[in-house]
Amino acid sequence: MSQVEKRAGLLRRTSSSKKPLKEKVVLMYDEIFAKEDPAKNNPRFWDELFLMKVNLEYLESKLESVDGEEVQRIQDNINSLFHHCVQALGEEHQIKVVNALQTLCALFRGVHQKNKSASGFDIINMLMGFDKAEQRMKDLMERLDSLLCGDGSESLKSLCLKLLLCLVTVTDNISQNTILEYVMINSIFEAILQILSDVSSRGQHGYDAVVLLALLVNYRKYESVNPYIVKLSIVDDEPTLDGMGMVVHQALTEYNRQYKDKEEENQGGFFSTLTSMVGSMFIADADEKLSVQTNEAILLALYEAVHLNRNFITVLAQVHDYTHPPYPTTPTTPLGTTPPSLDMMNNPELPLDPNLQTSNLLITFLKYASIVMQDTKDEHRLNSARLCLIILTCIAEDQYADAFLHDDNMNFRVNLHRMPMRHRKKAVDKNIPSRPLVCAVLDLMVEFIVTHMMKDFPMDLYLRCVQIIHKLLCYQKKCRIRLHYTWRELWSALINLLKFLLSNETTLLAKHNIFHLALLVVNLFNMFITYGDTFLPTSNSYDELYYEIVRMHQVFDNLYCMVLRVSTNTGQWKEAASKVTHALVNVRAIINHFNPKIESYAAVNHISQLDISGPCGLNSFETSLLSFGN
C-alpha cells in the first residue's frame, strides 16, 4: 500500500468504476469531522472507536486540513473525542487504553500543527473546551500517573511517557505551550522518580523519564515558580539520584562507544589508506565522516541535575564496574538519541581498556565533551559544546566536586578524543598516565584553546573555557593543592591565544570584545605569578613560568602596545583596553627585569644572541639567572 493510500485510510486499490474502500476507523473519524454528534445515531460509537486500531496519519492529516470555519463547526466533536479518550484510560480493556493514548497523541500533534500561530488558549479551547479544560487535564494527569505507578504492562507505561513527551514537545518553544500549566498543577514528578528509583522500570523507561523531567523543568523556569524545579532541587533519595545518573551515564557511554567504533572503522578503511599515501591533506574529510548526532536532551538532563541538586554531585563521582551492567537496554533508536545497548557490555575486548572497567559519570561526560567540542562549525554542535562547558562550569563551582577532582587518592586514565591536526601526531592511548580528574578537565580546556582559533571565532566558548580554568586555580590556591600537571602546555596555549587575538584584531573586533578575553588570560598569568607558590608543585615550576613569559615576551609587548593604543584613543573599547593595560603590570615587570640581564649575560660571554627558544632554552635561561641573580 502506498503512503498516499495509507494516509487516506484506503484498504486497497479498486477499479475506477468502484468507490474506494476505507477502514472502518477512518469512516468513524469522518463522522467525528462531520457536524452531527457521531453518537446520536450510534450510542456505542465511542466504545467501538477505541476497539479499532488507530490510524494516526489519517487522524493527524484530518486535523491539519481543517480550516477556520470548520474548526468552529466540529469543535464540540473534537472536545468530545478528547473527553472520551481520557475516560478510556480508566478502562480495564488494555486495547482501549492503548488506542486512547495513541489518539490523544494524534490530537495534540494535529491541533498544534494546524494552529501554530494560534494562542495557547485557542488550542486548549479547540481540544477540550476552555470551560472544562481544568477538569479534563486533571483527569488526564491522574490517569497517566496511575498507569505509570501501577502494575500494568511496560508497554502501557512506555506509551504514557511517549504521550507526555509528545505533549511537552508540540511547540518549538516549550514556554509557549500553555497546556503545560495543567501539567504544573497536576504534577507527575513522583511517578517519574518512581521509575528512576526502580531498577527494572529504569531499564525500560529511564531514558524517556529523564528527558521528560529535563523538559518539564525548563517550562517558564525564569518567569514563574516551576514546581518541578523546586522538587528536583530537594531530592535526596539515593536510589533515585543514582538511577538518574545511571541513565545519563549509559546514554553518554553508548554515544562514546559508537563514536569510537566509527573512528576505528574509518582508520581501517579508504580514508586511512588514502591518507597514508598522500600525507594528511584529506584528514579533514576523514574527520567529517566521524560526525555523529549529538544528544542535547541527555546533556540538558545532566545540566539540570548538576545545577539544581547539590546531592547529585556525589553521583558524578561514583565508580561503576562495567563487568556487571546495571540494567538492560534495547538499541532501537538512532545514535545519540536513545538509552544504550547491551553491546558494550558483551564486547569481549572491553576489559582490555582500563577506562571502561571502572569509570564514573564525570569521566564519561569528559570523553563525550571531548568528542562534541571537536567540531563547532555548525550551530547545532556549537550549542552542544556550549552546554558541555556550562555543565563543567557548574562542576568547577561546586566545592564537593572540586574536592573529588583534586583527590590524589582517586586517579584515573582518561582517554580524551583529540582533533586530528596536521602539525601533531595522534596521541597513543597506552601512554596516558593515571592522574586526578582535574588533570583531564585541564587537558580538555587546553585542547579546546589550541584547536579552535579560527575565522569564525567561538568567543563565548573561549570565555567559558578560561573561566573554568580560573575557578579550578582558585580552588587550588584556596586549599593549597600542589597539582603535578604539565602547566607549560597551558601557558603555551594561553600565549598562543593572545597571539591569535593580536593577529586578527581588526576582524575579531568587528564582532567581539577581545579585550575581555585578553584580560581573563592575563589574569590567569597574574594568578600564577602572585599565588603560584601556593599551588605550583615545585620551585622549578616558577622557573618554567618565567621562562615561558620571557621567551614569548614579544607577544606580551605587542599586546601592551595594542591595548595602550586603544585605551589612549576615544572609542568603544577604551575602558576595556585600559583594564588589560593595568593587568599587564606583573608580566611586564618580569620581562623588563630579566630581558636586560639576559642581554648582559650574552654580551659578557660574547654570545651574539642567547637562544632560549629551543628545547635547551630553559637551561640557558636558568644559567643567566644564576649568573645575575633573581
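These questions and answers walk through a predicted model of a protein.

Residues are numbered from 1 along each chain as its sequence is written, and side-chain values use heavy atoms, with hydrogens and water left out. In this predicted model, local features need pLDDT of at least 70 and side-chain atom pairs count only at pLDDT 80 or more, whereas totals for chains, interfaces and linings use all residues.

Student: What percentage of the 630 residues in the protein is buried?
Tutor: A residue is buried if its relative accessible area is under 20%, exposed if over 50%, and partly exposed in between, with a 1.4 Å probe and protein chains only. Of the 630 residues in the protein, the buried share is 52%.

Student: Are the axes of α9 and α12 roughly parallel or roughly antiparallel?
Tutor: Helices are DSSP runs of H or I with at least four residues, numbered from the N terminus, and their axes are lines fitted to C-alpha atoms over the stretch in contact, with angles from 0 to 180 degrees between N-to-C directions. The axes of α9 (residues 154-168) and α12 (residues 199-217) come within 10 Å and cross at roughly 25°. Angles under 35 degrees count as roughly parallel, over 145 as roughly antiparallel, 65 to 115 as roughly perpendicular and the rest as oblique. Therefore α9 is, relative to α12, roughly parallel.

Student: Within what arc do the buried residues of α31 fall?
Tutor: In α31 (residues 574-583), the buried residues are Ala577, Val580, Thr581 and Ala583. The arc is taken from the directions from the helix axis to the C-beta atoms. These residues line one face of the helix, because seen down the axis of α31 they fall within an arc of 165°.

Student: Which exposed residues does the face of α31 turned away from its buried side carry?
Tutor: On the face of α31 turned away from its buried side, the exposed residues are Glu575 and His582.

Conventions
Helices (H or I, at least four residues) and strands (E, at least two) are DSSP runs, numbered from the N terminus.
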